[in-house]
Amino acid sequence: MKLKKQVTVCGAAIFCVAVFSLYLMLDRVQHDPARPHGGASFPRSQISVLQNRIEQLEQLLEENHEIISHIKDSVLELTAHAAAQGDGGPEANEGGPPGGPALPLRLPNGSWLLPPEMSRPAFFSVAPQDCRFALRGPGKVDLQMPAISAQLPFDNQDGGVWKQGFDISYEAQEWDEEPLRVFVVPHSHNDPGWIKTFDKYYFDQTQHILNSMVAKLQEDPRRRFLWSEVSFFAKWWDNISAQKRAAVRRLVGNGQLEMATGGWVMPDEANSHYFAMIDQLIEGHQWLEKNIGVTPRSGWAVDPFGHSATMPYILRRANLTSMLIQRVHYAIKKHFAATKSLEFMWRQSWDPDSSTDILCHMMPFYSYDVPHTCGPDPKVCCQFDFKRLPGGRINCPWKVPPKAITSTNVAERAQLLLDQYRKKSKLYRSKVLLVPLGDDFRYDKPQEWDAQFLNYQRLFDFLNAHPDLHVQAQFGTLSDYFDALYKSTSVVPGVQPPGFPVVSGDFFSYADREDHYWTGYYTSRPFYKSMGRVLEAHLRGAEILYSLALSHARHAGMDSQYPLADYALLTDARRNLGLFQHHDAITGTAKEAVVVDYGVRLLHSLMNVKRVIINAAHYLVLADKETYHYDPTEPFLGADETRLNQDSLPEKTVIKLENAPRFVVVFNSLEQERLSVVSLLVNTPRVKVLNEEGQPLAVQLSAQWSSATDMAPDVYQVSVVLRLPALGLGVLQLSKSFDSHHTLKASVRLFLHGRDLPVRKYETFPVKVLPTAADDFCLENQHLRACFSGSSGALKSVSQPGSGEERSLSSQFLIYGTRGTKDKSGAYLFLPDGEAKPYVPKDPPLVRVTEGPFFSEVAVYYQHIQELVRLYNVPGVDGLSLEISCLVDIRDHVNKELALRFSSDIESQGTFFTDLNGFQIQPRQHLKKLPLQANFYPMPTMAYIQDAQTRLTLHTAQALGVSSLGSGQLEVILDRRLMQDDNRGLGQGLKDNKRTCNRFRLLIEQHSPANKVQDGQATSFPSLLSHMTSMYLNTEVLALPLAQEKKPSPSALRPFAPLAALLPCDLHLLNLRTLQGEEDSLPSMETALILHRKGFDCGLQARNLGFNCTTTQGMVALGGLFQGLEVASLQPYSLTLMYPLAPSPLNSTAVRLDPMEIATFRLRLV
């Protein structure tokens, strides 16, 4: 009866919220200032306004109708559930023992029906105001990158000395009124791993560059130097004297040395996830603030292979006001140069005003090296790279060497250089010019410092001493340049200079010449791309759990017993993950030995953060904290899986069940409650699983297969359905049991397709072996029915049960070759020999179909691929999409790339959508005027196609290259094996392939009837379900068994639910990061809470989703968020915690985020 009342009150409350929202909406329309009041006659303009308002109202009413329908469904579900459960009706225990939980029921068609108690009622309540964000369309911009790409001819005409550009001319008197101001910026680009490992580069070159920098900058106060990579700088700092550190602080303080961007690395912008991009920037900024007391002002990205729109957002929110980029398609550069758009305000496509604007400088020429930075003619510019003076180790390819500057030649040399400066300046709108002076690992010897600085100073002295030349030249930093630019245009930093265009979109995909598109690195070395993402998820989980455990330990006065030193493991993991975001690491474009070094670092940190999670979980699940004892030699919990080496796939831990029960702690690091199937491996088929209350759980028992036809001996898969608290821990008890009532065995069909192979099976499981081809077959749950080819096991179609409409959706593996000409595919470039050809294995595939109450799956074994398609039979996120994994091994291929293509009947007409860094969605258009390889884009987390009725989303757990080469298609490159270098400096092919597991989810959604899909929009957003699906895929549940020798009583452990209230489902807790204390290896009392409010599309049907979802227009009360802890202080900060922001006007702990915004708070939990 009590439950019934609660349900009724809950349903009524939800209904009242919806009605009140409708009232507010109508009130807003009624009192709109644009609406005319009084008078009988209406001018035409006001009638037009009224018509628009009526259309808006109709759309809002349709949306409200949808929302009320969802609420109605929720209330009906709540009531039905209450009737079944609250009254103790007979159906509550049907299929189970008296007083025990109900069990899944096998239906005559072979599918399974879950009992009502497993599908606890859910509600989906989204305020209409929260839906408007996705509907309002993009803000006003001058240049949208997709539109520019669609318009440009990409004809690659010969531009003369500037091969990819055009001739530049000028009139000598153009600078009479306002002299040209030239800032020459010396810099050294240091890759934290590429041809050599990070450490080898440091010992061979970087330490010498930085040591010389301190000495040489102090010789002349006019000298300047730019540095970017904090990872190298921090390593050097640890090895220098206090005297040298003081000198560095002086050089930074007086503006001679600038730390640009200030990230741990200069990250790749294609494959990196926004969590890792932000994390490495925080790590760099926090290090700079603590050790040097400096806050970076300008971004510097000369080497990433294409540029994402996520980076300007992150830099702007970190309070940088200006940035520089270099590697942009040569045709785009030419267009921007011709229209004087190389300096622009870069705005997010979803920004309605200018809050995300950042001034961006695009370098105009081929490279960031000296021959391509002083002006359009590399033959001339190379003569002013004084490292190439005759007698040195490098020279000018254009056969005209530099000359040392003397009193006899300075006039002629200065005039020659000034001509280049003037020509370059004609491409920009102001009379302030930026001229970088550097290259990879430059200035590593004192002689180069002298050659560059002394010769350039002589040139500057001559130019500045002749007013008739109307030029003022000097050494400068990047911020010196931007400050002068702002001053010349009479605006303060961060404000749009008059006439400068506003640009939205990104700069992918990149080509540096001809049809050489850098689209191969989106997939290169996918094993490590996947491993980096796994570490990322583990690090986030470890950060959150460590912060919570430490706060609770302090609250209980037990922090002296807690392993505070785990903080050093977190710091190390942050830095190793940060290092892997480098644009030659996650990209897969380093030498083989360097890749191994990255892999060792990733594995080392993955093991360490598992240890941090284990130590935190140990403290948090103890019912009596007084019994807590940390022993580093005997961990309380074991790992969920192990990896033998840095290039090994993970192997799940087998839990050995003997006489005493074993406990398993299960961790959900998502900020939402999670209903998921959790699978464990045990050594016996006779197993009983109890939940925290000691009640037995229904178990799906499945075989563990060591190959297509061999069951693994003495290993069994036990799967249970668990509902886990947000950011919380659950506890399971496993014991050996002969009571098989709650154990439901999965059945297996094995299709041999005519191959005479022995099958090793055990009596425990029913296995039906079918020697020849079979009819098509289907897997089904309450949401999805997926049908497969009987002959190949490949996916053929998907439908919703009861809808009567079957959607064609097939999958196919394909092979790309590489060209037979001189230029071939390599680590960077994708240069295919034409369209992909079907993958044809030597033997027909073996197909194994497993069907059980909680999941069913189809495993297809080809020669080089093991494909697994799984359908979960649970309510909520897991049951609404197909899980697909591909275990790929192409180590016997030669110059081949393996692709997976999904083909559907969706009429996408060449439009598709890919994510940028897991943060936002960028619409794409298949351009037939461009070569095939130009139409591939990075896919860090998802890509989708859609038409007026349907959206098909491919979610991925690792960054890969994706395209849509035909209507209704999505195609992803799974792995690449290439035998040669592609002439971009690496000097190797890709021959170190690993057995790699690529994981995906395939989600089909229907557009709501009220929703009109608009073509050509610059913005698009996933649905809330799609966001949740991506997070489920990328954040797996961790199941940590108690160590074999630990035998606590069941009452000694209890679940841990840290949140006192549910977070809105459009709010993602990006991190809860304990900040560094005075000692580097120990934590402070403060924590950084980073929240991201996701933008989402309400226009996709959201009926019967099976998970709780409420949005609150971005409002969240942080004060009472954490159960058992109080927020003692809360201060909003810039993204990387460098600048305090104005506190929330609402009250001390209630905050509000706009859609898409990421906000950082410094807080203290007590």
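**View 1. The second largest pocket has a volume of about 910 Å³.** This is a predicted model, in which local features need pLDDT of at least 70, side-chain atom pairs count only at pLDDT 80 or more, and totals for chains, interfaces and linings use all residues. Residues are numbered from 1 along each chain as its sequence is written, and side-chain values use heavy atoms, with hydrogens and water left out. The pocket is lined by 48 residues, and Thr 911, Phe 913, Pro 923, Arg 924 and Gln 1017 are the closest to its centre. A pocket is an open set of points on a 1 Å grid over the protein atoms alone, with protein on both sides within 12 Å along at least five of seven lines; lining residues have an atom within 4 Å of a point. Grid points are joined across faces, edges and corners, and a volume is the space filled by probe spheres set on them.

View 2. The largest share, five residues, is that of α4. Helices (H or I, at least four residues) and strands (E, at least two) are DSSP runs, numbered from the N terminus. By class, 23 lining residues are nonpolar, 17 polar and eight charged. Here Ala, Val, Leu, Ile, Met, Phe, Trp, Tyr, Cys and Pro count as nonpolar, Asp, Glu, Lys and Arg as charged, and the others, Gly among them, as polar.

**View 3. The largest cavity holds about 400 Å³ of space.** Its lining has 32 residues; closest to the centre are His 273, Tyr 274, Gly 918, Met 1031 and Lys 1094. In a cavity, a 1.4 Å probe fits but cannot get out. α8 (274–291), α15 (526–555), β38 (920–925), α18 (1024–1034) and β46 (1067–1076) each give the lining at least two residues. The lining has 13 nonpolar, 14 polar and five charged residues.

**View 4. Arg 327 sits in the loop between β9 (322–325) and α10 (330–338).** Arg 327 counts as buried because its relative accessibility is 14%; buried means under 20% relative accessible area, with a 1.4 Å probe and protein chains only. Its side chain makes a polar contact with the side chain of Tyr 510 (3.1 Å). A polar contact is a pair of N or O atoms within 3.5 Å; within protein, one must be able to donate a hydrogen and the other to accept it, and residues adjacent in sequence count only if both atoms are side-chain atoms.

Technical notes. Buried < 20%, exposed > 50% of the residue type's maximum accessible area, 1.4 Å probe, protein only.
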